[in-house]
Amino acid sequence: MAELHQILSSRFRTPRPGELHEDLDLGSSGFGLDSISLTELLIVSEDHFRCPFPYTLFDDGPLTVGRLVAHVREARRADSQP
Amino acid sequence: MTNAANPLVRDAEADWPDPGPAWKQRARHLCDATAIRLARAHVPSALALLGAAGRAANFSNILSPSTSEVAALFHWLPRGDLGRVARSIAALHLKNRAAIALVQDGRTADLARLVRWSDDARRADLMDGSQSTVIAACHVGAFFGIRAALHGLNRPVFMMRDLAMPDAASRASLFKRALEALRAGELVVATLDGPGGISTREVTCLGRHIVLRRGAFALARMTGARIVPVTCAWTRRSRIDVRIAPPINRPDQANHALADFEHEMAAGAARWLDGYLRAEPHEIWPSTLRNYLAAPQSPQGAS
């Protein structure tokens with residue numbers, strides 16, 4: 001979550017205190033990113049977390065903080081397995 | 001901004017407008033069904049027939065645009081040319097309805113057989129897989145000809161959209177796929193105008209303040225791809241002439257803020273479109289003509 005806060009602050013806008021929570025939609029009805037900014041967030045996250053963020057992340061409803069964090073955890077778990 | 005329904009002036013993320021009243025949708029379906037029925041017999045003949053019908057309907061004031069609408073946007077045209085241009089725009093409209101109906105009917109290959117490339121050297125350059133390329137399309141001329149022209153080529157093509165994307169999530173997904181396609185060496189086709197998507201800052205075209213869709217410019221910024229405008233035009237024999245313009249001049253990315261880089265590229269694209277439509281006023285779509293007329297005039301006027 002702290003890393004996501006850092007990415008959002010450096011590339012888009014600084015989240016207000018308490019704004020970032022699991023259910024927050026990062027899109028226009030929540031944090032306020034438009035479709036191009038949402039894609040840029042995935043690109044920046046790919047560089048930062050060193051794992052792919054596929055377009056299918058957009059296929060299951062709004063992209064929330066919780067889904068992004070869960071994706072990173074899942075990728076790291078898969079990475080750490082022999 | 002004068003008209004919230006006008007996609008050439010909307011500056012927020014916009015969805016496609018309401019398709020209009022039921023009678024209009026029924027008329028459209030009837031027109032499409034007729035076009036497909038005619039095209040099953042012989043596509044070029046069907047297109048020629050529809051073109052003639054469009055001219056006749058415009059001459060009889062059944063189908064827009066009027067000569068006064070043409071004169072309002074292309075005010076430098078001689079009076080004697082206005083009627084001819086208006087009739088050509090109406091003919092273009094009906095031919096394009098047929099092309100759209102064919103694509104939606106899964107018959108892009110039929111359209112592809114009509115394609116003629118006007119410049120082999122530029123075609124070869126476009127197919128050069130070593131260059132990351134975004135093809136910029138606009139709603140002018142035989143717009144769906146671009147899909148037909150790229151049908152069955154050796155280089156993989158990703159059509160970002162020439163049909164409606166309903167919401168921001170679909171567009172974000174599409175944009176990410178386009179990015180991945182560019183990185184994989186595919187040609188990506190992005191549409192610069194029309195409804196749906198996020199807008200650039202204001203640019204000037206035909207003496208009007210308009211906005212373009214940001215997708216192509218954002219892709220160029222994020223991937224370093226060049227933007228090559230491609231248009232298609234119907235020929236007198238109902239063939240599709242593919243026209244490839246030189247790449248839009250790319251500003252030095254290191255010296256520009258993100259938004260300024262995209263704005264400079266958008267301004268360059270608008271200059272290209274301005275030049276194209278001044279040379280070929282009969283290639284403008286009737287809906288685009290109306291949207292330009294509803295857009296604010298630039299202080300310099302429509303010089």
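# A walk through chains A and B

Start by selecting B:L206, which sits in the loop between β5 (203-205) and β6 (208-210) of chain B. Helices and strands here are DSSP runs (H or I of at least four residues for helices, E of at least two for strands), numbered from the N terminus. B:L206 is buried, at 0% relative accessible area. Buried means under 20% relative accessible area, exposed over 50%, and partly exposed in between, using a 1.4 Å probe and protein chains only. Check the backbone too: B:L206 is not a glycine, yet its phi is positive, at about 50°.

Before moving on, some housekeeping. This is a predicted model, where local features need pLDDT of at least 70 and side-chain atom pairs count only at pLDDT 80 or more, while totals for chains, interfaces and linings use all residues. Residues are numbered from 1 along each chain as its sequence is written, chains are lettered from A and ligands numbered from 1 in the order in which they are written, and side-chain values use heavy atoms, with hydrogens and water left out.

**Next stop: the loop between α2 and α3 of chain B**

Select B:N61, in the loop between α2 and α3 of chain B. Its phi is near 60°, again a positive value in a residue other than glycine. Is B:N61 buried or exposed? It counts as exposed, at 69% relative accessibility.

Now go to B:P65, found in the loop between α2 (43-59) and α3 (67-73) of chain B. Look at the peptide bond from B:S64 to B:P65: it is cis, with omega near 5°. For background, most residues other than glycine have a negative phi, and most peptide bonds are trans.

**Into the core**

From B:P65, step to B:V70. Leaving out residues up to four places away in sequence, B:V70 touches B:P65, B:L77, B:L82, B:V85, B:A86, B:I89 and B:L289. Contact means heavy atoms within 4.5 Å.

B:V70 also belongs to the largest nonpolar core, which has 57 residues. Such a core is a set of buried Ala, Val, Leu, Ile, Met, Phe, Trp, Tyr and Cys residues joined through side-chain atoms within 4.5 Å. Which members touch the most others? Select B:V70, B:M160, B:L219, B:I227, B:I284 and B:Y292. Then colour helix α10 (residues 258-279) of chain B, which gives the most to this core, with 10 residues. Another core lies apart from it, with 39 residues, including B:L102, B:A137, B:A142 and B:M159.

**Helix against helix**

Show α8 (residues 168-183) and α9 (residues 215-223) of chain B: they pack at an angle of about 45°, with axes 11 Å apart. That makes α8(B) oblique to α9(B). Axes are lines fitted to C-alpha atoms, for helices over the stretch in contact, with angles running from 0 to 180 degrees between N-to-C directions. Under 35 degrees counts as roughly parallel, over 145 as roughly antiparallel, 65 to 115 as roughly perpendicular, and the rest as oblique.

Pick out B:F175, B:A178, B:L179 and B:L182 in α8(B), which meet B:G215, B:A218, B:L219, B:M222 and B:T223 in α9(B). These contact residues divide into seven nonpolar, two polar and no charged. Here Ala, Val, Leu, Ile, Met, Phe, Trp, Tyr, Cys and Pro count as nonpolar, Asp, Glu, Lys and Arg as charged, and the others, Gly among them, as polar.

The contact uses A:S35, A:I36, A:L38, A:T39, A:L42, A:I43 and A:E46 of α2(A), with B:A168, B:R171, B:A172, B:F175, B:K176, B:L179 and B:R183 of α8(B). By class, that contact has eight nonpolar, two polar and four charged residues.

**Last stop: a loop in chain A**

Select A:G27, in the loop between α1 and α2 of chain A. A:G27 is buried, at 6% relative accessible area. Setting aside neighbours within four places in sequence, A:G27 is in contact with A:G32, A:L33, A:L38 and A:L63.

Finish on A:E19, in the loop between α1 (2-11) and α2 (35-49) of chain A. A:E19 is buried as well, with a relative accessible area of 9%. Its contacts, neighbours within four places aside, are A:R13, A:L24 and A:F31.
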